[in-house]
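Colleague: Can you walk me through this structure, one piece at a time?

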Amino acid sequence: MSRVIGIDLGTTNSCAAWVEGARPVVVPNREGARTTPSVVARAADGELLVGQIARRQALTNARNTIYAVKRLIGRKFATPEVERARQLVPYAIVEAPNGDAYVEMGSKMYSPQEISSFILREIKEYCEAALGEPVEQAIITVPAYFDDSQRQATKDAGTLAGLEVVRIINEPTAASLAYGFGRRAPETIAVYDLGGGTFDISILEISEGLYEVRSTAGDTFLGGEDFDARIIDFLLEHFERQTKVDLRGDSMAMQRLKEAAEAAKCELSTAPTATISLPFIAVAGDEALHLTYTLSREQLEDLVRDLVMKTLEPCRNALEAAGLKREQVQQVILVGGQTRMPLVSRTVQEFFGRTPSRDVNPDEVVAIGAAIQAGVLQGEIKDLVLLDVTPLSLGIATHGGLFTKLIERNSTIPTRKSQIFTTVTDNQRVVEIQVLQGERELAAENKPLGKFELVGIPAAPRGVPQIEVTFAIDSNGIVQVTAKDLATGREQSIEVNPAGGLTKDEIERMIAEADQYRREDQRRKEIRLLRNRLEGLLYTNERVFKEFGNLLEGSVRTKVDDALQQGRRVLESEDTAVLQAAIADVQLAARYLTEVMLVDPTRMLWSSEAASGKGTEG
Ligand code: AMP
């Protein structure tokens, strides 16, 4: 079995870790950084960029630079969350034929799964380079509050990246594994995780290597990006008041604003004020307009206070579900970059009545926990058992549009539950099983995960047939539903393939496409290298030719001249063979030029004088 890596696929940044000698370690990326921006872009020349290089060019290529795609994964286009995301980002979010939210990059439509797969692929590759062996399996973390479609979609992203996702684990659970690693004393802990796009709170009991999640709650659409948006809105209004110019339609200005807003937000975590300075942000008539503003920490706190307070409701719910009072929580662990904001840690401290722990790096703790779980699966780490829970209730739609729950939220997984149902009308031969996830009473108000029919029920009066419906959730939190007619033994089941999502065929097609793109990207890289090489050769040899060309014998001179001219002509070629041929010709020409230079060393001296500007053209 190849080594399993742990991946924190974050909204803003991603991080990978593995276990080495029974200890988890973070894998640095190609640039030596321990986290990689979760950013993917299509450059003007068609090249696919991932990570820091994608982030660096976001300013000049905002419409084709995709970030925070985690907020869209496994979601339908027509939802309030996606509507909000559309207002926050400069790239286009569009509706796919199956109703899912997709993004546009380089005038092509991509599912969030594909975009995530590009990030995962990059992680896989840099891990392989660092490990010196192929990496084929991974544990990927997701917010605890992700529903089944979001989990499935994350798993699909792994498959698209060429990774077998051996386990999906919840981010706060992973964080607690990292926190508890090496500690033996029993403790009740709360993991408060506020990242770029999501908020999660989990309550766990840990003792002697047993990690038992008691409850979890959260908001999959609340995170640092919303804090940034508040600052952006504030600055936009300030600028509009001052200049009467609305910057909202200008994607370049918006991207600059976003970067400046986030930078100011982070700076205000340690400094009392931060100055935002965006020169030449717009033009009015002939006049260049600049945006300068000094934001204080108090102002920022006023702008986002309600967002921070919004995290407390899930905290209360999680405590209640765990049957605990705030005082019974012995340790609070902060996870996610946004918890670095003093207002956040202060609010958490006031709520739980204790100082939160900062023992583990909030940017790396989740990946480290995933690596620990990988170590457990591989037998490298022993005496550690993880009992996680399902974040949302699961059930089916029943007569009259009601929602009948089979598995309550916060049930320990893996789990399985069965219940007997029956028909509504006489001689009903078919029943439809509509699988739903959520907490509302009415079926229509919960999230549909999928549906199927059980056919061939023998004719009988209503209420007589016995249909046993079984729900099973595996340790990834992924759901399987079976319906069985007890009279005939006939059964039908689905691994809940969320209404929408990617089908098997689509996944296969996308893998083939990704391979093609990778080949295309490699070809582009090769072309770029060849062009650089040719350009370098031309640069030196043209200069030599200019000075020494007249010493060459007539036919050779023509040959050299032709090779150099041909080289210039094909420099922009897309054809590797043409470029290679030109390089070979120029290299040959270079040989002639070297020879003629070596014929008479005294001329070389003359030439070096010429080069330093003392000689004259001979
Ligand atoms: P994560 O998803 O855990 O990587 O969290 C990323 C979020 O944390 C982004 O919204 C960042 O802007 C935010 N963040 C990172 N560092 C800081 C900081 N020093 N102060 C406030 N927010 C931060």
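Modeller: I'll start with R340, which counts as partly exposed because its relative accessibility is 39%. Buried is under 20% relative accessible area, exposed is over 50% and partly exposed is in between, with a 1.4 Å probe and protein chains only. The model is predicted, so local features need pLDDT of at least 70 and side-chain atom pairs count only at pLDDT 80 or more, while totals for chains, interfaces and linings use all residues. Residues are numbered from 1 along each chain as its sequence is written, and side-chain values use heavy atoms, with hydrogens and water left out.

Colleague: Where is the place of R340 in the chain?

Modeller: R340 sits in the loop between β18 and α10. Helices (H or I, at least four residues) and strands (E, at least two) are DSSP runs, numbered from the N terminus.

Colleague: And what does R340 touch, leaving out residues up to four places away in sequence?

Modeller: R340 touches S269, R358, N361, P362 and D363. Touching is contact, meaning heavy atoms within 4.5 Å. With D363 there is also a polar contact of 3.0 Å between the side chains. A polar contact is a pair of N or O atoms within 3.5 Å; within protein, one must be able to donate a hydrogen and the other to accept it, and residues adjacent in sequence count only if both atoms are side-chain atoms.

Colleague: How many residues apart in sequence are R340 and T270?

Modeller: They are 70 residues apart in sequence, with their C-alpha atoms 8.9 Å apart in space.

Colleague: Now Q338. Where is that one found?

Modeller: Q338 is also in the loop between β18 (331-335) and α10 (342-352). Its relative accessible area is 6%, so Q338 is buried.

Colleague: Which residues is Q338 in contact with, leaving aside neighbours within four places in sequence?

Modeller: Q338 is in contact with L194, G195, G224, F227, K265 and V344. The side chain of K265 makes a polar contact of 2.7 Å with the side chain of Q338.

Colleague: Which residues in α8 and α10 meet?

Modeller: From α8 there are R297, E301, V304, R305, V308 and M309, and from α10 there are P342, L343, V344, R346 and T347.

Colleague: What about α3 and α4, how far apart are their axes?

Modeller: Their axes are 8 Å apart, and α3 (residues 112-131) packs against α4 (residues 148-160) at about 50°. That angle makes α3 oblique to α4. In α3, Q113, E114, S116, S117, L120 and R121 meet A153, D156, A157, G158 and L160 in α4.

Colleague: Changing topic. Which peptide bond is cis, with omega near -5°?

Modeller: The bond from I413 to P414. P414 lies in the loop between β22 (412-413) and β23 (415-421). Most residues other than glycine have a negative phi, and most peptide bonds are trans.

Colleague: Then what is phi for A22 and A68?

Modeller: Phi is near 65° in A22 and near 55° in A68. A22 is in the loop between β2 (13-20) and β3 (23-26), and A68 is in the loop between β7 (65-67) and α2 (80-88).

Colleague: Buried or exposed, for A68?

Modeller: A68 is buried, because its relative accessibility is 5%. A22 is partly exposed at 35%.

Colleague: Next, K382. Buried or exposed?

Modeller: Exposed, because its relative accessibility is 60%. K382 is in the loop between α11 (365-377) and β19 (385-389). A polar atom of its side chain lies 2.5 Å from the backbone oxygen of G379.

Colleague: Last one: how many helices and strands are in the chain?

Modeller: The chain has 15 helices and 28 strands. Of its 618 residues, 54% are buried. The C-alpha trace spans about 105 × 60 × 55 Å along its principal axes.

Terms used. Axes are lines fitted to C-alpha atoms, for helices over the stretch in contact, and angles run from 0 to 180 degrees between N-to-C directions. Angles under 35 degrees count as roughly parallel, over 145 as roughly antiparallel, 65 to 115 as roughly perpendicular and the rest as oblique.
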